[in-house]
Amino acid sequence: MWLILHFVVPILGYDAAQATIPYVMVTLMKYLKPVVTAFMMFFALSQPVVVYGQEAVPKANPDMGGVSGLLEQLRDAEPGAAETYADRLRREWSLSGSASADYLLKRGRDAFEREDLKSAVEHFTAVIDHAPGFAQGWAERARVYYEMDLYGPAIGDLEHVIALNPQHFDAIMGLASILDSMDRPEGAYEAYMQVKAIHPHQPGLTEALARLEPRVRGRDL
């Protein structure tokens with residue numbers, strides 16, 4: 001865990017206003033599976049390019065395409081403008097750098113919209129197999145697993161997303177919601193607090209924190 005933070009935090013270049021993110025991540029990591037943490041440490045130190053057939057797929061970089069600036073704007077935005085920046089970040093994070101992965105991602109999303117969840121899982125699994133460093137592939141499959149009430153696999157995929165992109169507020173919000181539904185208030189509260197540090201106006205966040213705060217007040221977070 002500490003090795004991951006040692007490598008990831010300097011790369012992300014948090015400023016003072018974002019200092020709560022690493023703090024909350026340290027506490028949140030105790031709720032994540034150690035085996036996934038170990039796998040992601042191995043993956044972070046592996047080759048940056050995954051070869052599939054004849055196509056080289058660059059490892060997804062959460063900081064490409066002006067993401068740092070968008071995250072700052074999202075953090076400081078007024079409520080009415082926040083979702084505009086959030087949507088722009090979602091679009092940035094949906095770009096894999098591989099035409100094949102992007103095509104598979106679209107097919108998975110189309111299947112999800114048709115409520116063909118089995119096909120959606122298959123397409124998103126193909127994305128992950130093709131580009132395991134592309135966080136959005138894991139995020140999309142987690143969303144399908146959640147809809148199928150498969151909370152264990154959903155949590156596993158969300159852990160991969162957070163390891164690859166610690167600022168993926170939708171993934172952290174999803175993990176918080178699952179922990180909340182499993183009546184794990186401390187873990188849920190920590191995850192919601194991490195979302196607040198990144199996207200203070202995430203829909204449903206304020207209500208969730210207000211509801212959980214009385215339950216966790218006075219406990220060591």
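Contact here means heavy atoms within 4.5 Å. The model is predicted: local features need pLDDT of at least 70, side-chain atom pairs count only at pLDDT 80 or more, and totals for chains, interfaces and linings use all residues. Residues are numbered from 1 along each chain as its sequence is written, and side-chain values use heavy atoms, with hydrogens and water left out.

**Nonpolar core**

- A nonpolar core is a set of buried Ala, Val, Leu, Ile, Met, Phe, Trp, Tyr and Cys residues joined through side-chain atoms within 4.5 Å.
- Buried means under 20% relative accessible area, exposed means over 50%, and partly exposed lies in between (1.4 Å probe, protein chains only).
- The largest such core holds 52 residues, and Leu89, Phe169 and Tyr192 touch the most other members.
- Helix H10 (residues 169–181) supplies the largest share of this core, with eight residues.
- Helices (H or I, at least four residues) and strands (E, at least two) are DSSP runs, numbered from the N terminus.
- Leaving aside neighbours within four places in sequence, Leu89 is in contact with Val67, Leu70, Leu71, Leu74 and Phe169.
- In soluble globular proteins, nonpolar side chains tend to be buried together.

**Salt bridges**

- A salt bridge is a side-chain nitrogen of Lys or Arg within 4 Å of a carboxyl oxygen of Asp or Glu.
- By this rule the model has twelve salt bridges.
- One network of salt bridges links Glu83, Asp87, Arg90 and Asp170.
- Arg90 pairs with Asp87, where the closest N and O atoms are 2.6 Å apart.
- Arg90 also pairs with Glu83, with the closest N and O atoms 3.2 Å apart.
- Both Arg90 and Asp87 sit in helix H5 (residues 79–93), three residues apart, about one turn of the helix.
- Arg90 is partly exposed at 23% relative accessible area. Glu83 is partly exposed at 28%, and Asp87 is partly exposed at 33%.
- Elsewhere, Glu140 bridges to Arg143, with the closest N and O atoms 2.9 Å apart.
- Glu140 and Arg143 are three residues apart in helix H8 (residues 135–147), so about one helical turn separates them.
- Glu140 is buried at 5% relative accessibility, whereas Arg143 is partly exposed at 34%.

**Gln202 in its loop**

- Gln202 lies in the loop between helix H11 (185–198) and helix H12 (205–216).
- Gln202 is buried, with a relative accessible area of 7%.
- Neighbours within four places in sequence aside, Gln202 is in contact with Glu83, Arg90, Phe169, Asp170, Met173 and Val195.
- Among these contacts of Gln202, Glu83, Arg90 and Asp170 belong to the salt-bridge network.

**Helix H7**

- Helix H7 (residues 117–130) has 14 residues and reaches 20 Å from its first C-alpha to its last.
- That is close to the 20 Å expected at 1.5 Å a residue. The expected span is 1.5 Å times one less than the number of residues.
- Buried residues in H7 are Ser119, Ala120, Val121, His123, Phe124, Val127, Ile128 and His130.

**Tyr151 in helix H9**

- Tyr151 lies in helix H9 (residues 151–164) and is partly exposed, at 28% relative accessible area.
- Not counting residues up to four places away in sequence, Tyr151 touches Tyr146, Ile178 and Ser181.
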